[in-house]
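Hi,

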Amino acid sequence: MDNLLEIKDLTYKKNQKIILDKINLELQPGKIVALLGENGAGKTTLMRIIAGMAKNYQGSVTLLNETKEAMRKAHLSFTDGLTGFGDSTKIQDIVHFYQVIYTDFDDEQFDQLRSFMKLDLNMRLSHLSKGMREKLIIALTFSRKADLYLLDEPFSGIDAMARKKIINSIILWKADQATILISDHFVNEIATMLDEVVVIKDKTVLTHQSTEAIRTNNLSIEEYYEGLYLKEDE
Ligand SMILES: Nc1ncnc2c1ncn2[C@@H]1O[C@H](COP(=O)(O)OP(=O)(O)OP(=O)(O)O)[C@@H](O)[C@H]1O
């Protein structure tokens, strides 16, 4: 099958310091993929590069045969924590902004997600709890019809019950051919929806495995992940 995303020999430096070192990664369409790694491993940085927000890297990032940032952006949905919006901005103003900026923004889909997340259009950003803010980000992200969704620790402030409901629904919201790359520290909770796991360590991709292969070795995703870190640290 043709790859959706192809990253070749990606190296990224910030202030002379290497943050990511010779990353190679290929993702196929229709997969839900976890991006795992300890704090500071480079998960956010990798997503920002794929999303075209961090530039000046070495190597290549190709999404649906497009390598230029502006062209890649049209195929992916990544909400960078609502940066740029002032505290007094109402949810409805943010939605309006999305409607104007993104031609693939689906109003009906947003309405459904908003009611599912119990978000009030008149609420201002400053009045949202951490979890409500994350729910808004998830709703906005999935209201776009994209080929690749990048979710950077989307659930850290969302309570366990809502998290389970959202995780179960994500599979229903996404188009069959769309791929989701999701970073999270609660590995077991997202395990049931995952097709593949990518682990970043020492600034590069340590492994990329299908969850099926991990399970045939009688390991949970968490055991597999922790085992990798322990082995490497010995
Ligand atoms: N603006 C910046 N300037 C310099 N270094 C940075 C900057 N942002 C991140 N870094 C460094 O890049 C590395 C990767 O950070 P990144 O935020 O991508 O990690 P992460 O895997 O997303 O971590 P976490 O799980 O804590 O969110 C870290 O060593 C961090 O110190």
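The hairpin of β1 and β2 has two residues between its strands, and N15 takes a positive phi near 45° there. (Strands, like helices, are DSSP runs numbered from the N terminus: E with at least two residues for strands, H or I with at least four for helices.) This is a predicted model, so local features need pLDDT of at least 70 and side-chain atom pairs count only at pLDDT 80 or more, while totals for chains, interfaces and linings use all residues. Numbering starts from 1 along each chain as its sequence is written.

Two strands count as paired if DSSP finds at least two bridges between them. On to β4, which runs antiparallel to β1 (residues 5-14) and is joined to it by five bridges; T11 has Q58 of β4 as its bridge partner. Put together, that is an open sheet of three strands, ordered β2-β1-β4, with antiparallel pairing. β2 (17-27) and β4 (58-63) are at the edges with a single partner strand each, so one side of each has no neighbour in the sheet. From one strand to the next, the twist averages 20° (axes are lines fitted to C-alpha atoms, for helices over the stretch in contact, and angles run from 0 to 180 degrees between N-to-C directions).

There is also an open sheet of six strands, in the order β5-β6-β7-β3-β8-β9 and with mixed pairing. Its edges are β5 (76-78) and β9, each with a single partner strand, so each has one side left without a neighbour in the sheet. Ignoring direction, neighbouring strands here are turned by 15° against each other on average. You can see the mix in two of the pairs:

- β6 (residues 148-152) and β7 (residues 179-183) run parallel and are joined by five bridges, and L151 has I182 in β7 as its bridge partner.
- β8 (residues 196-201) and β9 (residues 204-210) run antiparallel and are joined by six bridges, and V199 is partnered by T207 in β9.

The hairpin of β8 and β9 also has two residues between the strands, and D202 takes a positive phi near 50° in it.

Which residues surround the ligand? They are K14, N15, I19, G37, N39, G40, A41, G42, K43, T44 and T45. (A residue is near a molecule or strand if its C-beta atom, placed from the backbone, lies within 6 Å of it.) Helix α1 (residues 43-50) gives the most to this shell, with three residues. By type, the shell has two nonpolar, seven polar and two charged residues. Here Ala, Val, Leu, Ile, Met, Phe, Trp, Tyr, Cys and Pro count as nonpolar, Asp, Glu, Lys and Arg as charged, and the others, Gly among them, as polar.

As for domains, the assignment (automatic or from a database) gives domain 1 (1-75 + 148-159 + 177-234) and domain 2 (82-145). The contact between them takes seven residues from domain 1 and eight residues from domain 2, counting C-beta atoms, placed from the backbone, within 7 Å. The side of domain 1 that touches domain 2 has five nonpolar residues, one polar and one charged.

Cheers

Notes. Two residues are in contact if their C-beta atoms, placed from the backbone, lie within 7 Å.
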